[in-house]
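Reader: I am new to this structure. Please show it to me, and then take me through it in short steps.

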Amino acid sequence: LLDNGRLLGFYALASGATELTRSQRRALGASDRRTQPATLLTQIARDVRAPAGTGGQLLLHAVAVASRGAQEIAATMLALDPHDSETAQMWIDRWGFHDSAGPGPGGHEHRLWIPLASSS
């Protein structure tokens, strides 16, 4: 996200997968496979001097890009691996993310997710 040539923030997306419980898969309208395709939010950061709301703008843009891409790669959700439990709780409280059925790769305690609605 640039403003007059100044970097206010950025994010990075990648393809991946997330484990869901049976009830989570049912609520998502996904297949019965425990592991579901996901778009991973691998990085997101904003300049501390950026205006209020910049982080939200970045996340909304990432969700929109992931939703468009879901048509091509069949992802059912946007997932992320928060740094720690406190950060995980922020994503849950502020943005409505859900805990997955299993941990993220690389020893991450949590993998969180929100559903993606692909655009028509």
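Author: Helices (H or I, at least four residues) and strands (E, at least two) are DSSP runs, numbered from the N terminus. This is a predicted model: local features need pLDDT of at least 70, side-chain atom pairs count only at pLDDT 80 or more, and totals for chains, interfaces and linings use all residues. Residues are numbered from 1 along each chain as its sequence is written, and side-chain values use heavy atoms, with hydrogens and water left out.

Reader: In which strand does Thr-39 lie?

Author: Look at residues 35-46. They form a strand, and Thr-39 lies in it. That strand is E4.

Reader: Is Thr-39 buried or exposed?

Author: Buried means under 20% relative accessible area, exposed over 50%, partly exposed in between (1.4 Å probe, protein chains only). Thr-39 has 6% relative accessibility, so Thr-39 counts as buried. Contact means heavy atoms within 4.5 Å. Leaving aside neighbours within four places in sequence, Thr-39 contacts residues including Leu-13, Ile-73 and Leu-116. The answer is buried.

Reader: Which residue is the bridge partner of His-98 in E7?

Author: E6 and E7 run antiparallel, joined by 2 bridges. E7 covers residues 112-115. The partner of His-98 there is Trp-113.

Reader: Why does Trp-113 count as buried?

Author: Among the contacts of Trp-113, beyond four places in sequence, are Leu-20, Met-77 and Phe-97. The backbone oxygen of Asp-99 lies 3.4 Å from a polar atom of the Trp-113 side chain. Trp-113 counts as buried because its relative accessibility is 5%.

Reader: Which element has the highest mean pLDDT?

Author: pLDDT is the predictor's confidence in each residue, from 0 to 100. The protein averages 88, and 92% of the residues score at least 70. Helix H1 (residues 22-28) has the lowest mean, 85. The highest, 94, belongs to E5.

Notes
Polar contact = N/O pair within 3.5 Å; in protein donor to acceptor, adjacent residues only side chain to side chain. Pairing = 2+ DSSP bridges.
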